[in-house]
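Dear colleague,

Please find below the structure that I am handing over to you. My notes on what was found in it follow directly after it.

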Amino acid sequence: MHYAKGKTAKARARERCIEWSNLLLPHPKLIWSDTFIAFVTGCIKLGDIRPGESVYRILAVKFFSLTGNTPDEDMIPAPHNPDTYYEGDDPTMMPHPCRELEKVLCNGAFFFSPQFDLTRSIQTRQELLTFRSHLDEQEREELDSGGLLVHIIQGYVGCQSFKTATTQGQMSVISRLSSKRAGTRYNTRGIDDNGNVANFVETETVISNREWCFSYTQIRGSVPVFWEQQGLQLASHKIQLSRGAEATKPAVRRHFEELIQKYKDVHILDLLGTKDQGEVTLSQEYKSQVEDLGPLLKHVHTTKFDYHSQVKGGNYDQLQGLLNHVRGDCERYGYFYHDLISNTIVQTQRGVFRTNCLDCLDRTNVIQSNLSKEAVESLFHSLVPQGSRIGALMSMHSELWANNGDLLSKIYTGTGALKSEVTRSGKMSFASMLGDATKSLNRFVINNFQDKDRQEVIDILLGKMAHQSPVAIHDPVHDSIASEMSARMGEYSQKVQIDVFVGSYNLNGKLPSGESLDDWLHFDKDVPEPDMYVIGFQEIVKLTARQIAVTDENKRLIWEHEIENTINRRGGSRYVQLRSVQLVGAALMIYVKELNAPYIRNVECAIKKTGLKGMAGNKGAVAIRMDYYETSLCLVTSHLASGQENLQERNDDFHTIDGGIAFARGRNIMSHEVDMENDQIRALVSQGNYFEIFRCDQLKRSIDYGEAFYGYKEGIIAFAPTYRYDIGTDNYDTSEKYRAPAWTDRILYRGRGIYQTSYERAEFRTSDHRPVMSMFVLELTMLDSEAKGKMEEALYRKSSSKPISNGALKYKKDSGQELEGLLVSSERSRDISGLGYDRVSQSTGKWR
C-alpha cells in the first residue's frame, strides 16, 4: 500500500486500520473452498489507553475471496439444490457464505489498536507472532507500516477522561476474552485437556496521564474441571462431571502451571453456592483438585465465598467482609506502576485474583469491580493529599465496570449482566430486580435454543472446525524446514504398541448378580494389564416409557463401581475413568492407566437417537472420541432395532448413526439375526458347527453386500451365539416366543494399524445375553516433542536465509499425513507381524 503525500499521520493511521486490519480463513462449507480476507470497513475511536495508544471498536467488516470466484455481494447466486431453501424472494440467490461471520465481528465486542498489541496487558506486552519474530528491525517496521498484522480482541474496552484537583488523565477498563476455549454458555463449559477454560477473561484497569501509568489485572474463568450441562436448564443447575477425578488432574495442573508462569501467584475466589446441589458438586470437585496440586500449592490460595447466601436480602455490605479477608494478598500483589517521565517501572503486580461463579459473569463482575476499586483507591491515596475528593472518579470506575459486565455477558449468554445495578450503585432496586428477571428469561430461550448455531459460527471464525485448513504468511525458510522435518520424522519419533480391551454386554436391565467380572475383563492371560478398557453396555436400564423420558443413571453408576473394583483389584497399574456417557439403555465407559492419562486430550462424547424416527433414545448410539498424542480414536456402542425381520431397519439405523454422530467443530465417526430356521440353528450350535451358521449371518451379508458397515472388519467368530438365553441358565429361549439363537453382540473395527489378537465370549448368566470381548494391539507413532524442537531450532540456525517480508499469502492445505502416537508401558512387545488388519476407529455394541 502506498500513502499519498500530504496526508497526516492520523489520517494514514485511520486508513491503515480500516483497510488492512484483516482476518484470513477458509469457509467451512465444502462448496465454498475459498480463502477469504476480511477488511475492517468501519470503526470508531474509543479513546487513548496511554498517550499515543488509541483503541477502536469494529463497526463494519467485509469479506473478499482470495482464491475463488465467490462474488463480493451480500447476495450471490445459489447452487441448484431442490431440497435447499434460502431466505428471500429469489430462490436463485443465497447469502454470502461469510455473512454470519460478519455479523459476529460487527456485534460491538471486537476492538483493535494500530499502535500496540491490545491482546496483552501493559505489564506483559511482548512478541506474539512467530513470523514477525524472525524478521530484523527494518523488516518489522516495513511489515507494521502495511497494517497487515493488527491484533483484534473480543471482550470490552471502555475509556473515559477524568480530572481531579491534582491531575487529569484517562481511565480505561479492558477485558480480553481468550480464544482458546471460546463459545456460548451451555456449549462451552469447564476445562479442556490443554488446561484452557471456558469464558476465560483477563480484565485490566488502566489509569494514565502524561506522567505515570497504573495497571491492575484480574482474571475470571470457568471452574477448571471437566463438567457440562445437558438438557433444558430452567430452575436448578443440572451439572454433570464428565470425567473421573484422577483423569482430570493433568488438565488442572496444566491450567495452574500456566497461570503461575504468567502471574506468579494465584488467589482463587470461589463464589459458588452451598445450597444448589449442582454448584455444591462443582465446588467440592474444584476444591479437591486444587488440594492435589502438590508443590504448586505454595503459589495458589483459595477463598470460598457463598455470594448468594452472604448478600441475601440485599445485604451487599457483606462484600466488605470478603475484601477485608483478602486484603493481605491485595497489598502483597500490588499493581503495576510506570513512571513515564523517567521511563522507570516503579513496581509490578506480583499476583492475580482468579474469580469464578457458575458462568463467571454476574457475581464475578461485582466482586472484580470491588477489587479493582480497592486497587484504584490505594493508588490515589498514595498520590493525592488525604481528604481529596475522588468520588466522581470512582463513579466513573463503577460505570465502566458495569458496562464491562454487560458486554461480557452478552458475548457468553446473549443478554446483559444480572446485578449490574450493584456494580453501578452498590445496591439493587425493585426495577433492577424486574430487569434481571426479564434477562433470565431471555437467557433461557437464547441459551437453550439458539446457542448451538452461535457456537458453530465462533468455531468457524477461530478456524477450529475439523474441515478448515490454516492460512499462514508465506515463509520460504519455514516451508523448507517444515518439509525437511517431515522427511526426518523418524529421528524424533518411535513406534510403540498399546493394548486395548473392548467389551460389549447387553444387560437386559439387570444389576450385578455377584458373578465375578474377572472372566470377562481379564480373559486374555497374555495381556494382564491392557492400556485401555473400552466397555459398551446395552439395555443398562429397562427400556420403559419412563426411562426413555427421564433416564435413571443409578444403574450405570453401580456398574461403573463394579468395573473399577474389578480392574483395580489385582494391584499393579491403577486405572482411572476417562469418560462415561449414557443414552437411555446404551452406555459407554473408558478406563485408562493413570500414568497414561496426561497424554490423552480432546475427549468428547456424542449421542444419536434412532428410536421412533430419531425422537426417542431407546435405540441409538453413544460415541466417545479422543486424541492420544497425535492419534484420533473414536469408539461407539450402539443398540439397533431388534427382530429377525427388521434387517433393513437395522441397516438404516447404522446409516443414521454413521452420518449423524457429530462431535464439536464438525468432527464425526467414520444388529443382525441369522437367515436360517430356528431348529436348524440350534442343531448346528449343539454340534459346534458355528461356521455353517455364520454363513447365513445377516450382519456378515450386509457387510459383504455393501449395505451397511462398509469398511468395517470383524474377527473370526469361534463361539456360540450370544442370544437369547433363559436367564440364569445355559438354555436358549424356551419361552412361547422361542427366539432363534443369534450373534447379536458384536465388535467391529476400521482403519489402519490395529490388530485384533483375540475375540471371545464370557459365560455369565445375569442377563439373557452373553458378553463378548476382544483384545486389540494398536501400533502407533509417538513423537518426542523435545527432540523435534531441538531439530527445528538447529535447522533454523543452519539456515542463512532470512524470511521474506513482502506479506505474501499462502493457503496451506493439509498434507494428509496422519501423525500417530500413544504411550504404552514397556513391559513387553508382542509379535503382531502377519496379522492382516487395519486401524483406527473401534465400534462396540449390539449387532442383530
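Helix H15 (residues 476-487) and helix H23 (residues 785-798) have axes that come within 10 Å and cross at roughly 135°. The crossing of H15 and H23 is right-handed. On the side of H15 the contact is made by Val-477, His-478, Ile-481, Glu-484 and Met-485, and on the side of H23 by Lys-788, Met-791, Glu-792, Leu-795 and Tyr-796. Divided by class, the contact of H15 with H23 has 6 nonpolar, 1 polar and 3 charged residues.

Please note that this is a predicted model, in which local features need pLDDT of at least 70 and side-chain atom pairs count only at pLDDT 80 or more, while totals for chains, interfaces and linings use all residues. Residues are numbered from 1 along each chain as its sequence is written, and side-chain values use heavy atoms, with hydrogens and water left out.

The terms used above are as follows. Helices (H or I, at least four residues) and strands (E, at least two) are DSSP runs, numbered from the N terminus. Axes are lines fitted to C-alpha atoms, for helices over the stretch in contact, and angles run from 0 to 180 degrees between N-to-C directions. A crossing is right-handed if the near helix is turned clockwise from the far one by less than a right angle, and left-handed if anticlockwise. Contact means heavy atoms within 4.5 Å. Asp, Glu, Lys and Arg count as charged, Ala, Val, Leu, Ile, Met, Phe, Trp, Tyr, Cys and Pro as nonpolar, and the others, Gly among them, as polar.

H5 and helix H6 (residues 277-291) pack at an angle of about 70°, with their axes 10 Å apart. H5 and H6 are therefore roughly perpendicular to each other, and H5 passes H6 in a right-handed crossing. Ala-245, Thr-248, Lys-249, Val-252 and Phe-256 of H5 make this contact with Glu-285, Tyr-286, Gln-289 and Val-290 of H6. The residues of the contact of H5 with H6 comprise 5 nonpolar, 2 polar and 2 charged.

The axes of helix H10 (residues 362-383) and helix H11 (residues 391-413) come within 10 Å and cross at roughly 150°. H10 and H11 are therefore roughly antiparallel to each other, and H10 passes H11 in a right-handed crossing. The residues that make the contact include Ser-372, Val-376 and Phe-380 of H10 and Leu-393, His-397 and Trp-401 of H11. By class, the contact of H10 with H11 has 6 nonpolar, 8 polar and 3 charged residues.

I turn next to the nonpolar cores. A nonpolar core is a set of buried Ala, Val, Leu, Ile, Met, Phe, Trp, Tyr and Cys residues joined through side-chain atoms within 4.5 Å; buried means under 20% relative accessible area, exposed over 50%, and partly exposed in between (1.4 Å probe, protein chains only). The largest nonpolar core has 71 residues, and those with the most contacts inside it are Phe-501, Trp-520, Leu-521, Met-532, Phe-537, Ile-563 and Met-626. Apart from this core lies another, of 60 residues, among them Phe-116, Leu-177, Tyr-307 and Leu-393.

Most residues other than glycine have a negative phi, and most peptide bonds are trans. The peptide bond from Tyr-723 to Arg-724, however, is cis, with omega near -5°. Arg-724 lies in the loop between helix H22 (698-704) and strand E26 (745-751). Pro-741 is also placed in the loop between H22 and E26, and Pro-741 is buried, with a relative accessible area of 1%. Lys-264, in the loop between helix H5 (245-263) and strand E13 (266-270), has a positive phi of about 75° although it is not a glycine. Val-584 has a positive phi near 50° and is buried, with a relative accessible area of 4%. Val-584 is found in the loop between strand E21 (575-583) and strand E22 (586-593).

With kind regards

How values were computed
Angles under 35 degrees count as roughly parallel, over 145 as roughly antiparallel, 65 to 115 as roughly perpendicular and the rest as oblique.
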